[in-house]
Amino acid sequence: MWPLLGNAATVVQLTGVDPLGLINMIRQAAQTAKQNKADCEHLARRTDELVELVTILRARGRVEPEAARTLAALDETLVEAHQLVVSCQGHGFMPRLFKAGRNSDKFKDVYKKLDACLRNFPLISHIIINRRLDAITMATNNGGGGCGAPRLDTTSTTTTAMVVAEEDSAAAHGVEVFTLAEVTVATDNFAVMLGAGDSGTVYKGTLHDGRHVAVKRLNRSVVRRGAEDAFGMELAILAPLRHHHIVRLLGRCAEDGDLIVVTELMTNGSLHDHLHGHRHSSPVTLTWKARVEVLLGAARGVEHLHRRAVPLVIHGGVSSSHVLLGDDDSWAGAPRLTGFAASVWRAAGVDSQPVTAIAGAGAYGYADPEFLCTGRIKPGSDVYGLGVVMLEVLTGKPPVMSVWDERAQSTTAPVTLVSFALPSVEAGRLVDVLDRRPVVAPAPWQLEPLEMVAAMAARCLCLHGDNRPGISEVVVNLERALQLICTRGNF
Ligand SMILES: Nc1ncnc2c1ncn2[C@@H]1O[C@H](COP(=O)(O)OP(=O)(O)OP(=O)(O)O)[C@@H](O)[C@H]1O
């Protein structure tokens, strides 16, 4: 189709309109379409979803041959989409060209082409990063010592490679590079700890320009195979993500064996701390409205990763510790996802994909049972994690806990929240496990929206990923539950 794509002019370049301009023109033309109005508007929405991708690719400047081929096909499809929408405006010679009957086939054809382009991008990113890793590994192993020089151990080689490989991506997305001295000053020598996770410890900091930030420093004393690789991967995956419900990556530092990620500060900590910590009067524990708002925000973040991010991402670690809450006035409506160390780019054309040793599908209590059996991760693994978070929010209980055994007069060995609460939910007895902090004795009209959330949680927690709902269905369900709560008095 486009044999010399590396350097060849694309259709868009030939027509003199850039892809963002075309997307805009499609949007405008759809508004005035007279025939196939619904199809035109749908097509406009689909092409609107490409704005992020096109912006990122333009920011990169240099385009690899694989990406150039797909970009050219995308350009060509955008031109076709624009012609099709214009043809539906009912004047000129185009309407004669695309008769109504044939138009529906034309729309299908354009959707197919758009899908084909979008499916290619994760694969392309994968190829490009692997190629860079190979080149860097070869250079590191051959360089400096010549024949007989000792080979670096694979972990540190891969680490160097990952860090360098993410540099292109991070730089293209405006991620700043900080020196260790700058980070040390910003954090007052790592004085205030915000939290700690599997891959590092997070500190509070203030940059020279006054921005408050969270600084995650890989805990190098923890010998965890692959932890450093995860760090580089986290940067590469997080750098291009821009969404209201995903924490924003601001900077990084790789110096003197220190690997540091700088993100925006989420001043109200994690959902886990609010639900299970020692806060006496957290707004999350006070109302069901706030709780469902937080769930909805988290679900929207996952929806972005699964359906709109470029490349698509599987989070791999959805948990209440990875749902962060922001400013006082808007925090309940603006939770953001973090914890991307186990994330992977979604592979094209497969239902599930193998993961490396460093990635997974959730910590204990959150892990997708299908992943535990097969070792393969899929978007449904995140839906399972979100199902556990939904149960945490409904019951106020942590993902793993001990329960009091009346007969033995002692606490049991730790059990998961799923095995503790799901039987009651499935039996229609949510009240038996419902958290009483927001409403001590909920009336049936208050229980109804919570039962909607519980029923959705139960579906998210199906053993087989294929039986779980897609993330957009979860979002719609939570929107409905929230709407019901709001119309019934914001309890
Ligand atoms: N941007 C932030 N603002 C405020 N607190 C944060 C921020 N990032 C992390 N934290 C705190 O630090 C804790 C651990 O951070 P994070 O989830 O990134 O680490 P992690 O569990 O090691 O992640 P991963 O699973 O990616 O390794 C969080 O639960 C939260 O309490």
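F420 is found in helix 16 (residues 417–426), where helices (H or I, at least four residues) and strands (E, at least two) are DSSP runs numbered from the N terminus. The structure is a predicted model, in which local features need pLDDT of at least 70 and side-chain atom pairs count only at pLDDT 80 or more, while totals for chains, interfaces and linings use all residues. Residues are numbered from 1 along each chain as its sequence is written, and side-chain values use heavy atoms, with hydrogens and water left out.

With a relative accessible area of 28%, F420 is partly exposed; on this scale buried means under 20%, exposed over 50%, and partly exposed in between (1.4 Å probe, protein chains only). F420 and K397 lie 23 residues apart in sequence, and their C-alpha atoms are 9.9 Å apart in space.

Attention now turns to the ligand. A total of 21 residues surround the ligand, and the closest are S199, E264, S321, H322 and A341; a residue is taken as near a molecule or strand if one of its heavy atoms lies within 4 Å of it. By class, this shell holds 9 nonpolar, 9 polar and 3 charged residues. Here Ala, Val, Leu, Ile, Met, Phe, Trp, Tyr, Cys and Pro count as nonpolar, Asp, Glu, Lys and Arg as charged, and the others, Gly among them, as polar.

Four strands each supply at least two residues of the shell around the ligand: strand 2 (193–196), strand 3 (200–206), strand 4 (212–218) and strand 6 (258–264). Strand 2 gives the most to the shell, with 3 residues. On the level of domains, whose bounds come from an automatic or database domain assignment, the shell draws at least three residues from each of domain 2 (173–264) and domain 3 (269–402 + 410–489).

A nitrogen atom of the ligand is 2.9 Å from a polar backbone atom of E264, and an oxygen atom of the ligand is 3.0 Å from a polar backbone atom of A341. An N or O atom in the side chain of K216 is 3.3 Å from an oxygen atom of the ligand. Taken alone the ligand exposes 610 Å², and the protein buries 92% of that; accessible areas come from the Shrake-Rupley method with a 1.4 Å probe, and for residues only the protein chains shown count as cover.

K216 deserves a paragraph of its own. This residue is in strand 4 and is buried, with a relative accessible area of 14%. The side chain of K216 also makes a polar contact with the side chain of E234 (3.4 Å); such a contact is a pair of N or O atoms within 3.5 Å, and within protein one must be able to donate a hydrogen and the other to accept it, with residues adjacent in sequence counting only if both atoms are side-chain atoms. UniProt, in an unreviewed entry, lists K216 under "binding site". UniProt positions are given in the numbering used here, feature names are shortened, and annotations may be inferred rather than shown by experiment.

In the loop between helix 9 (180–186) and strand 2, D188 has a phi near 50 degrees, a positive value in a residue other than glycine. N189 is placed in the loop between helix 9 and strand 2, and its phi is positive at about 60 degrees although it is not a glycine. D188 is exposed, with a relative accessible area of 59%, and N189 is exposed at 55%. The peptide bond from V310 to P311 is cis, with omega near -5 degrees, and P311 is in the loop between helix 13 (288–308) and strand 7 (313–314).
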